[in-house]
Amino acid sequence: MQPVTLQHVVDSLVGNTLEGSLPFFRPELALCVTIVLLLFVRIFKGGEYIPSFFIALLGSITALILAFPVEGIESWTTMPRQEIFTGMLVYDSLTAFVRIFLLSFVVLFVILSRLTGIADSKDGQDYYVLVLGATLGMCIMASANHMMMLFMGVEMASVPSFVLAGIVKGRQRSSEAALKYVIYGAGTAGVMLYGISLLCGVLGSAHLPTMAASLTDLDIPNLLTSAEGRLTVMVLVLGGLMLGVGLAFKLSAFPFHFWCPDVFEGASAEVDAFLSVASKAAALVLLLRVGAGLGLTTAEMPVADGVDRPAVIAVATGSNATPTHNAVLATQVAESSDATPVGGGPLSPVRRFFVVLVSIIAIVTCTFGNLAAYGQTNIKRMLAYSTIAHAGFMMMAVAAAIALAGRDVVEARTAVSALLLYIALYLFMNLSAFAIIAFLRNEMLSEDIADYAGLIRTSPLTAVMMTAVLVSLIGLPPLAGFWPKLRVLQSLYMAGGPLMTFVLVAAALNTAIALVYYLRVAKTMCIDPEPDTRGAVSLGFLPAAYIFVISVPVLIFGILPGPLADWTDLAVSQLFS
């Protein structure tokens, strides 16, 4: 056996990076090259005459093309899970899907920014660098397999977003929004990092699969039978809660949502679209990664046909006579799974903790968002609370997926597929809504709901498209928003148990609650009389065409959801295996 030398280690790392990792990192590399070009083009003489829009658009399209698998989307059904960069990131069909989603959104977003004029010729480079830099961080979030990459991804996505929130110069509300965002973000980042340090310190690793193996070795049910063991579990719970603070901030989940309405009202509508779609999608996938990474090991995953593995909790008793206090306590831990069925195995307490915590936060977040949206008079602030409510609804799918992952792989994949379908259709719904708000702001110089009165008489296409988007956000057929909500409810039903049943009922009730404030905006646009002080509202050909292109899928996928649903099913075909 040859001795391991420094040269051998370096050659191994370089070989692993060049041959085993970089081929799966091409979209992110394309974003990096685009960012460098945007920064350097102004240095050279005549560079100011090269429109930054075209560089950003070309780079985004290139990254999108590179995100598609070389063998085609059908290869997702056989795509193995591969750890890259020595286990820091993971590449699988879920990573590929989220990359395509994020980069598709960025292409549409870059075009929107050009049409609305928020990225002017003077500051365009900075604006697009921030957008692409945040997108790079979100791609890392979606593929994180290590706690440090989790933290880096969140911060890479957050810091550019802080600047984007205040990108509108000379506007006090925009600067105030950015300052609030920075303060909340810095606080939650510190809490999350401390939680990560607690988890990694107890488990001896920051690599998610290794951390799951360490949790398995700890044997949590038996730890609860001793004072020292309960102290260890308490530290793990505290670390998990502190880690959840950072994820809840990115999701604007209750009670870490306070920044969202103020930032959405102060920032431009374009930036609001970016934060509500791309940031939420990446955070939801990261939440799923954390839940599956810490709550499942390969040995615990049930067989694909849905046959459960027996739940066995071993307790050393010394004899088969009268059970000891420790045995009774461990038995009570095992029986508590009846309220929240998550399957058996040594990591079932971890999954149960995750599912209960996420479910409770999801219910409160969804309910609070819908109730708080009622009294809003600013359309962006109302949609901020709408975003909070939808984040809660999508978190329910994550809870259902982790609850099912320890019992039935197929049903767990169905829950994740429902989440991906929700995310994909949410792109068209929210991007359409904020694009319409941005174009109307340029024409009307207002973002108050009352100023939209009678809009259908002067701009019928805009009013009809906005109404269709709002009805889709409610989740009513025959529009696209109906199908993802239905599939999330189906996943909650499959998860079973009293808690998931309660979540199911809460989700259905929140859908009904949302009717009022969405339809109030539609009623203002389509029924209320037009104010005498407002002239004709005309968006122009290109803005109207853009609204039409991104709004029509809301109707098309509402009638024909099959192709997109099949695509999301392919994206999860190798998950949990």
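Me: The axes of helix 5 (residues 124-142) and helix 6 (residues 147-165) come within 7 Å and cross at roughly 155°. Why is helix 5 called roughly antiparallel to helix 6?

Reply: The model is a predicted one. Angles over 145 degrees count as roughly antiparallel, and the axes of helix 5 and helix 6 cross at roughly 155°. That makes helix 5 roughly antiparallel to helix 6. The crossing of the two helices is left-handed.

Me: Which residues of helix 5 and helix 6 meet?

Reply: On the helix 5 side they are Tyr127, Leu130, Val131, Gly133, Ala134, Leu136, Gly137, Met138, Ile140 and Met141. On the helix 6 side they are Met149, Gly153, Val154, Met156, Ala157, Pro160, Ser161, Val163 and Leu164. By class, this contact has 15 nonpolar, 4 polar and no charged residues. Gly counts as polar here, so Gly133 and Gly137 of helix 5 and Gly153 of helix 6 fall in the polar class.

Me: What makes helix 10 and helix 12 roughly antiparallel?

Reply: The angle does. Helix 10 (residues 227-251) and helix 12 (residues 269-295) pack at about 155°, and their axes are 8 Å apart. The cut-off for roughly antiparallel is an angle over 145 degrees, and therefore the two helices are roughly antiparallel to each other. They cross in a left-handed way.

Me: How many charged residues does the contact of helix 10 with helix 12 have, and which residues make the contact?

Reply: Helix 10 brings Leu243, Leu247, Lys250 and Leu251 to the contact. Helix 12 brings Ser279, Lys280, Ala283, Leu284, Leu286, Leu287 and Val290. The classes are 8 nonpolar, 1 polar and 2 charged. Lys counts as charged, so Lys250 and Lys280 belong to the charged class.

Me: How do you know that helix 16 and helix 21 are roughly antiparallel?

Reply: Helix 16 and helix 21 (residues 541-559) pack at an angle of about 150°, with 9 Å between their axes. With over 145 degrees as the cut-off, the pair is therefore roughly antiparallel. Helix 16 passes helix 21 in a left-handed crossing. Among the contact residues are Leu425, Phe428 and Ser432 of helix 16, and Tyr546, Ser551 and Phe557 of helix 21. By class, the contact has 14 nonpolar, 2 polar and no charged residues.

Me: Which helix gives the most to the lining of the largest cavity?

Reply: Helix 20 does, with 5 residues. Helix 14 (348-372), helix 15 (379-405) and helix 20 (497-526) each supply at least two residues of the lining. The lining of this cavity divides into 7 nonpolar, 5 polar and 1 charged.

Me: What is the volume of the largest pocket, and which residues are closest to its centre?

Reply: About 710 Å³ of space lies in the largest pocket. It is lined by 35 residues, and Gly240, Val350, Phe353, Phe354 and Leu357 are the closest to its centre. Helix 7 (172-203), helix 10, helix 12 and helix 14 each give two or more residues to the lining. Helix 10 has the largest share, 11 residues. The lining of the pocket divides into 30 nonpolar, 4 polar and 1 charged.

Me: What is phi of Phe85, and what is phi of Leu445?

Reply: Phe85 has a positive phi of about 55° although it is not a glycine. Its place is in the loop between strand 1 (82-84) and strand 2 (89-91). Phi of Leu445 is near 55°, again a positive value in a residue other than glycine. Leu445 lies in the loop between helix 16 (409-444) and helix 17 (455-458).

How values were computed:
Residues are numbered from 1 along each chain as its sequence is written. This is a predicted model: local features need pLDDT of at least 70, side-chain atom pairs count only at pLDDT 80 or more; totals for chains, interfaces and linings use all residues. Side-chain values use heavy atoms; hydrogens and water are left out. Helices (H or I, at least four residues) and strands (E, at least two) are DSSP runs, numbered from the N terminus. Axes are lines fitted to C-alpha atoms, for helices over the stretch in contact, and angles run from 0 to 180 degrees between N-to-C directions. Angles under 35 degrees count as roughly parallel, over 145 as roughly antiparallel, 65 to 115 as roughly perpendicular and the rest as oblique. A crossing is left-handed if the near helix is turned anticlockwise from the far one by less than a right angle, and right-handed if clockwise. Contact means heavy atoms within 4.5 Å. On a 1 Å grid over the protein atoms alone, a cavity is a set of points where a 1.4 Å probe fits but cannot get out, and a pocket is an open set with protein on both sides within 12 Å along at least five of seven lines; lining residues have an atom within 4 Å of a point. Grid points are joined across faces, edges and corners, and a volume is the space filled by probe spheres set on the points.
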